Amino acid sequence: MDKQKVLRVGLYLLVGATILVGLYLCNLHSYLLFHVISEFFSIAVAFAIFLITWNCRRFIRNNYSAFIGIAFLSIGCLDLVYTLAYQGMGVFPGYDANLSTQLWLASRYFQSISFVIASWFITRKVRHGLLAAGYLAIMAITLASIIYWHNFPVCFIAGTGLTSFKIISEYIIIGLFALAILLLLVNHRHFHKSTVIFVASSLIISIASELVFAIYTNHSGAADLMGHYLKIIAFYLIYRALVKSQLIDPYSTLFRDLTQNEKTLNRALEVARSRTNEIISLLDVTRAALASTSFKETAQHTLNNCIRLIGAQGGYLLLFSKNPDQDHEIVAATSAKLQEGLNNKIIGKIQAEILDTMAASYHNEIAESNQDYMIDNLIGAPLISNDEVQGLMILLNKNQKITRNDSRLVMAFAKLATIALQNFRAVSALRNERQQLENILNSMQDAVYIVGQDYQIEYANPAMQRLFGNHAGKKCYDYLCASNEPCQMCKLSNILNGEISRVEFAAQNGRIYDAIDAPIANSETHAISKLKIMRDITEIKSVQEEIRNLAKFPSENPFPVLRISIRGEVLYANNASSALLRHWDEVAGEQIPDYWQRMINQAITTGERIIIEEDLDRTTVSFAITPVKDNEYVNIYGRDITEYRQIEKQLQQANLGLEKRVEERTEQLQETVNELGEEVREHLQTEEELVKNQKRLRALSSELTMVAERERREIATQMHDSIGQLLAFSKKELGVLIKTAPGNIKGQLRYVWELIRQSVEQTRSLTFKLTSATLYTVGLEAALEELADDFSEKEDFNCHFTGCGQAQSLPEQTQIPLYRAVRELLINAAKHSEAKNVWISTKKTDNSYQILVKDDGIGFKIDDTGDKTKNLESFGLFSLRERLANLGGHLEVSSTVGEGTKIILTTPLTMEVLAGEE
C-alpha cells in the first residue's frame with residue numbers, strides 16, 4: 001500500500017471516528033438530538049443512493065445495484081417517518097413509543113427482503129419505473145396499516161417493553177440478512193471483489209445492529225446507542241459498495257484511460273501525417289488506373305509517381321509476353337538507355353528473386369555501370385494477376401538507401417499498375433463481347449438499356465425504345481425522368497463498384513417497373529457500365545395492393561365485418577361475424593341466403609349503400625352493405641342496435657297506449673271531465689319519458705363516440721407497440737445482416753429493408769390518423785396545433801393555429817369530439833374548398849369554449865331557408881351539429897361564394913369545469 005493511500009485511509013478513519021464521537025457528545029447533551037442526527041444521516045444516505053442510482057439507471061449494467069438503489073427510496077421514506085414519529089418529536093400527538101417501533105421494524109423488513117430479492121434480479125431485467133411504483137405502493141399500504149388502520153402488530157408496550165412479535169421479527173430479519181449474504185457469495189462472480197466485501201460487511205453489521213435492537217429494553221440506553229452506530233456504518237458501506245465502487249470509481253478509471261488513449265492517438269496521428277504524401281500519390285494513381293482505358297498512359301503515370309515518391313532517378317515497367325518467341329514489352333520507362341541494360345546480370349538477378357518470391361525485392365550494395373548507364377541500387381515488384389506474375393516494375397538509383405517502406409510503396413504501385421492492366425484487358429474483352437450481348441438483349445421482351453460511367457445511355461433494346469422513344473444523345477435521368485440531374489435513388493457508382501441493386505420504379509408513362517441494376521465488367525471483373533432490366537409489374541402491384549387492403553381489414557372489430565363477392569361467396573368474416581354465419585347456417589367460402597344475395601346485387605348495381613337488420617342471438621344488428629363495384633364485392637359493416645330498438649319499441653308502445661286512452665276518453669268526454677285531467681297528467685309523464693329517452697339516446701351516441709375513440713387509441717397503441725416495434729427491430733437486424741451478407745444477395749436484402757422501412761413509415765402515419773397521442777398526453781390545443789402542422793405538410797394549403805391556452809380544463813369527453821370535428825372540417829377543406837390558407841383559433845368566454853375554422857376557399861351558397869347543411873355533398877356538418885348538441889353546444893356556418901367559409905364550434909363549460917377554475 002503506497003503512502004498516499006495510507007494517508008487517505010487514515011483520513012477516512014479519523015473523519016469517521018470524529019463523527020461517532022460527535023454523535024456520542026450529542027447523546028450526552030440530548031438523546032433526542034442524537035437520534036435525529038443519526039437517523040437523518042441514514043436517511044440522507046438512502047436518498048442519495050436512490051437519486052444517484054435513478055439518474056444513472058441507463059448506465060448501470062448490474063441489476064442487483066439498480067434494484068437495491070430503487071428500494072432505498074422506500075427505506076429512506078420509512079426511516080424519515082420513523083424519525084418524525086419518535087417519542088418526543090411531537091409530530092404525531094397521542095401516539096406512544098409503539099408507533100416508532102412499528103415503523104422501525106417495517107423499514108428493516110423492507111431492507112432485508114430487498115437484499116434477498118435483489119439476488120434474483122442479477123441476471124434478469126429490471127423495469128425501473130414499475131419497480132419504484134411497486135415499492136412506493138407497498139410502502140403506502142404499510143404506513144396506512146400502522147398509522148391509519150392500526151392493524152399492524154403491537155411492538156412495544158409502555159411499562160413492559162418489547163413484545164414477542166418485535167423480538168421474533170428482529171431474528172427473522174437477521175435470518176433474511178444472513179440469507180442475503182449467502183446469495184451474494186453464491187453469485188460473487190457477477191460482482192467486483194470490493195463490491196462483495198462492502199455489501200457483505202454492511203449486511204453483517206446490519207445483523208449485529210438487529211441483535212442489539214432485539215435485546216434492548218430502554219429507548220435511550222447504551223444498546224440503542226450502539227444499534228444506531230452500527231446502522232450508520234452499515235448504510236455507509238452500502239453507499240460505498242453501490243455508488244462509489246459501482247459508479248464513481250469505474251468512471252474515474254475510464255477518464256484516466258481516455259487520457260492515455262488520447263496520448264496514444266496523438267502519436268498515431270503523427271505517424272498518419274507522415275503517410276499523407278504517400279496516400280495522395282496512391283489516390284492519384286488509383287483514379288488514373290480506374291478511369292483510363294489506355295494501359296500505357298496509366299503505366300507511365302504510375303511509374304512517374306512511384307519514382308517521385310521513392311526518390312529514384314529512373315525505372316521501367318515491363319510486361320511478360322505469353323508467346324516465347326516474342327520479347328517482353330516495356331510499356332513505360334524514364335530513359336531509352338534502360339532498355340540496353342535489361343541483360344545486366346544484377347537486373348536479371350533481382351527479376352529472378354521477384355519471380356521466385358512473388359514479392360518486392362531490393363539491393364543497396366550495388367555499384368556497376370553498363371555502357372553509359374550507372375546502377376547504384378535498385379528495387380523491383382511484380383504485377384500479379386490471378387496468382388500469376390504478369391510483369392515487373394523496376395526502380396534504380398535512389399540517392400539514399402532503399403528501405404522496407406520503399407519496398408511497401410513500390411509493391412502498392414505495382415498493384416495499382418496491375419489494376420490498370422486488368423481494366424484495359426477487361427475493356428478490350430468487353431468490346432468483343434458487346435455485340436453478342438446486344439443480340440441477346442434485342443430479343444428480350446423486358447425493357448433493357450446500358451448506361452456508361454457518365455450517365456450516357458449507350459444502348460437501349462427495341463422494347464425500351466417502344467416505351468420511352470429514341471435514346472440518342474440522352475442521359476438516363478433525362479430519358480426516364482425528364483430531369484436535368486441524376487435521380488436521388490440512382491446508385492450508379494455503387495453498381496460500378498460491383499453492387500447489384502433491385503428497386504421498384506414508377507416511370508413517366510404511369511407504369512411501375514421492377515428494375516434490376518447490375519454491373520457490366522470486363523474480363524478482369526472491373527465494371528465499366530451499368531445494365532438495367534425493367535419488367536412491367538403494374539398489374540402485380542395492383543394485386544399486392546388488394547392483398548394489403550384485405551390484410552388491413554379490421555379483424556378485431558367488436559362488430560361484424562364481412563366481405564362478400566358478387567357471386568355470394570364469403571371472402572372474409574371477422575370473429576364478431578360468427579353469430580351471423582350461424583344464422584345463415586353457412587361457413588366462409590359458401591353461398592349466402594337468397595335475400596342477402598338480392599340485396600348485394602342491388603347494392604353493386606346501384607352503387608348505393610343498403611341497410612338491413614337481422615335478429616341474432618337475442619340481439620338486433622344493423623348491417624350496412626357497402627358496394628366496391630370495381631372489385632365486384634361488397635363490404636358489410638354491422639352495428640348492435642338492440643338497445644336502440646328496445647327504446648324505440650317502448651316509445652311505440654307508449655304512443656299506442658296513449659292513442660288508445662285518448663280515443664276512449666274522447667267518447668266519454670262529457671261524463672269524464674275529471675278523468676280527462678288525469679289522462680292529461682299521464683300524457684305529460686309520457687312526454688317526460690320521451691325527453692328522458694332522447695337524452696339516453698344522445699348519451700348513448702356520445703358513449704359510442706368515446707368507445708370508437710378508445711378503440712382507435714387501442715389499435716394505434718397496439719400497432720405502435722407491437723407491429724411498429726417488430727418492424728423497427730426487423731429493419732435494424734436486417735441492416736446488420738446486409739453488412740455481413742454475401743454480395744450476391746445484398747441487393748435483395750436491401751430491397752426487403754426498403755420495404756420494411758416503408759412499412760414503418762406507413763404504420764406511423766396510420767397510427768397518427770387513428771388517434772392523436774398528443775391529445776391524451778398534452779391536451780386539445782397542442783393536438784390541434786400538431787394537426788394543423790400535419791395538414792400543412794400533406795395538403796395544398798397552409799394551416800395556421802392560434803390557441804388561447806384555456807383547453808386544459810375541458811373534460812376528455814369534450815376534447816375528443818372537438819378534436820375529431822376540427823379534423824373532419826380540415827379534411828372537407830382539403831377535398832372541396834380549394835383554399836390556400838386555413839385558420840384555426842380558440843377562444844374561451846365566461847361559460848363556453850369556441851373553436852373557429854376559417855378558409856379563403858371558393859365557399860358555397862347558403863340556402864335561403866337558413867339550412868346550411870343542404871348545400872353540402874354529405875351529411876358531415878349535420879353529424880358535427882348532432883355531436884355538438886350531445887355536448888350541449890352548437891355549430892354556426894357562414895359562407896359566401898368566392899370568399900371562403902367560416903365555421904364556429906361552441907361547447908358550454910360544465911359547472912365542474914367552472915368550479916375547478918374558480
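The structure is a predicted model, and its chain of 918 residues has 42% of them buried. Its secondary structure comes to 27 helices and 24 strands.

**The chain as a whole**

- Among contacts in the chain with a separation of 6 or more, 59% are made by residues 24 or more positions apart.
- The chain exposes about 50,800 Å², and 55% of that area is supplied by carbon and sulfur atoms.

**The largest cavity**

- Searching the whole structure gives six cavities of 30 Å³ or more, and the largest cavity has a volume of about 210 Å³.
- The lining of this largest cavity consists of 18 residues, of which Tyr-449, Met-489, Cys-490, Lys-530 and Lys-532 are the closest to its centre.
- By residue class, the lining of the largest cavity divides into 13 nonpolar residues, one polar residue and four charged residues.
- At least two lining residues of the largest cavity come from each of helix H15 (476–481), strand E12 (501–506), strand E13 (512–521) and strand E14 (527–536), and H15 gives the largest share, with four residues.

- Tyr-449, which is among the residues closest to the centre of the largest cavity, stands opposite Ala-460 in E11.
- E10 and E11 form a hairpin with four residues between them, and in its turn Tyr-455 has a positive phi of about 70°.
- Most residues other than glycine have a negative phi. Tyr-455 has a positive phi although it is not a glycine.

- Strand E20 (residues 798–802) and strand E21 (residues 837–844) run parallel and are joined by five bridges, with Cys-799 having Val-838 in E21 as its bridge partner.
- On pairing with strand E22 (residues 848–855), E21 takes the antiparallel sense over seven bridges, and here Ile-840 stands opposite Val-853 in E22.
- E21 and E22 form a hairpin, with three residues between them.
- E22 also pairs with E24 in the antiparallel sense, over eight bridges, and the bridge partner of Ser-848 in E24 is Pro-908.
- Strand E23 (residues 890–896) runs antiparallel to E24 and is joined to it by seven bridges, with Leu-891 standing opposite Leu-905 in E24.
- The hairpin of E23 and E24 has three residues between the strands, and Gly-898 in this hairpin takes a positive phi near 85°.
- Strand E24 (residues 900–908) is largely enclosed by the rest of the structure, because seven of its nine residues are buried.

- Ser-112 has its place in helix H4 (residues 97–118), and it counts as buried because its relative accessibility is 0%, where buried means under 20%.
- With its neighbours within four places in sequence left aside, Ser-112 is in contact with Ile-173, Leu-176 and Phe-177.
- Phe-41 lies in helix H2 (residues 31–55), and its relative accessible area of 31% makes it partly exposed.
- The C-alpha atoms of Phe-41 and Phe-235 are 8.9 Å apart in space, although the two residues are 194 residues apart in sequence.
- His-150 is placed in the loop between helix H5 (128–148) and strand E1 (156–157), and it has a positive phi of about 60° although it is not a glycine.

Notes:
Residues are numbered from 1 along each chain as its sequence is written. This is a predicted model: local features need pLDDT of at least 70, side-chain atom pairs count only at pLDDT 80 or more; totals for chains, interfaces and linings use all residues. Side-chain values use heavy atoms; hydrogens and water are left out. On a 1 Å grid over the protein atoms alone, a cavity is a set of points where a 1.4 Å probe fits but cannot get out, and a pocket is an open set with protein on both sides within 12 Å along at least five of seven lines; lining residues have an atom within 4 Å of a point. Grid points are joined across faces, edges and corners, and a volume is the space filled by probe spheres set on the points. Ala, Val, Leu, Ile, Met, Phe, Trp, Tyr, Cys and Pro count as nonpolar, Asp, Glu, Lys and Arg as charged, and the others, Gly among them, as polar. Buried means under 20% relative accessible area, exposed over 50%, partly exposed in between (1.4 Å probe, protein chains only). Contact means heavy atoms within 4.5 Å. Accessible areas come from the Shrake-Rupley method with a 1.4 Å probe; for residues, only the protein chains shown count as cover. Two strands pair if DSSP finds at least two bridges between them.
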